[in-house]
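Visitor: I'd like to learn how to read a model one feature at a time. Please show me the chain and then pick a place to start.

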Amino acid sequence: MSNVYLTSSNYVHARYPEIMDLYGGSPGKFHMSGMKNTPKDAESFEAISTFIESTPILLRSIIVKFKMQNVLKGKAELLDTLYK
């Protein structure tokens with residue numbers, strides 16, 4: 001069943017899952033030079049912003065889980081960044 005799904009998906013999406021994002025604008029056209037200056041830019045920016053905001057939370061969790069607080073002693077700048 002998985003093989004049938006993958007084969008069908010590759011056919012429908014031309015082995016490129018974002019193929020549906022390549023068409024848009026007014027009037028509608030295919031973006032043949034990539035996705036720059038399309039609505040996909042805003043989606044990508046939002047995803048990157050989320051990653052940037054969640055990184056300190058993840059690092060804090062790792063430090064606490066693995067009891068690594070002693071490794072950060074003397075690194076006040078890094079500690080300030082993680083515990084804001």
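Guide: Start with K67, which is exposed at a relative accessible area of 66%. Exposed means over 50%, buried under 20%, and partly exposed in between (1.4 Å probe, protein chains only). Before going on: this is a predicted model, so local features need pLDDT of at least 70 and side-chain atom pairs count only at pLDDT 80 or more, while totals for chains, interfaces and linings use all residues. Residues are numbered from 1 along each chain as its sequence is written, and side-chain values use heavy atoms, with hydrogens and water left out.

Visitor: What is the phi of K67, and where does the residue lie?

Guide: Its phi is positive, about 50°, although K67 is not a glycine. You'll find K67 in the loop between α2 and α3 (76–82). Helices (H or I, at least four residues) and strands (E, at least two) are DSSP runs, numbered from the N terminus.

Visitor: Which loop holds N37, and what is its phi?

Guide: N37 sits between β2 (29–30) and α2 (39–65). Phi there is near 65°, again a positive value in a residue other than glycine. N37 counts as exposed, because its relative accessibility is 68%.

Visitor: How many helices and strands does the protein have?

Guide: There are 3 helices and 2 strands, and along the sequence they run α-β-β-α-α.

Visitor: Now salt bridges. What is the count?

Guide: Side chains of opposite charge can pair when their charged atoms come close. The rule asks for a side-chain nitrogen of Lys or Arg within 4 Å of a carboxyl oxygen of Asp or Glu, and the count comes to 1. The partners are E43 and K40, whose closest N and O atoms are 3.5 Å apart. Both belong to helix α2, and because they are 3 residues apart there, about one helical turn separates them. E43 is partly exposed at 46% relative accessibility, and K40 is partly exposed at 23%.

Visitor: Which residues make the nonpolar surface patch?

Guide: L58, L59, I62, F66, M68 and V71 make it, and the patch covers about 530 Å². Patch members have over 30% relative accessible area and no salt bridge; nonpolar side chains (Val, Leu, Ile, Met, Phe, Trp, Tyr) are joined within 5 Å, like charges within 9 Å. Take V71: it lies in the loop between α2 and α3, and it counts as partly exposed because its relative accessibility is 48%. Areas come from the Shrake-Rupley method with a 1.4 Å probe; for residues, only the protein chains shown count as cover. The accessible surface of the protein comes to about 7500 Å², 64% of it belonging to carbon and sulfur atoms.

Visitor: Is L22 buried or exposed?

Guide: L22 is buried, with a relative accessible area of 16%. Its place is the loop between α1 (2–12) and β1 (23–24). Across the protein, buried residues make up 11% of the 84 residues.

Visitor: And what about contacts in the protein between residues at least 6 apart in sequence?

Guide: A contact means heavy atoms within 4.5 Å. Of the contacts at that spacing, 10% join residues at least 24 apart.
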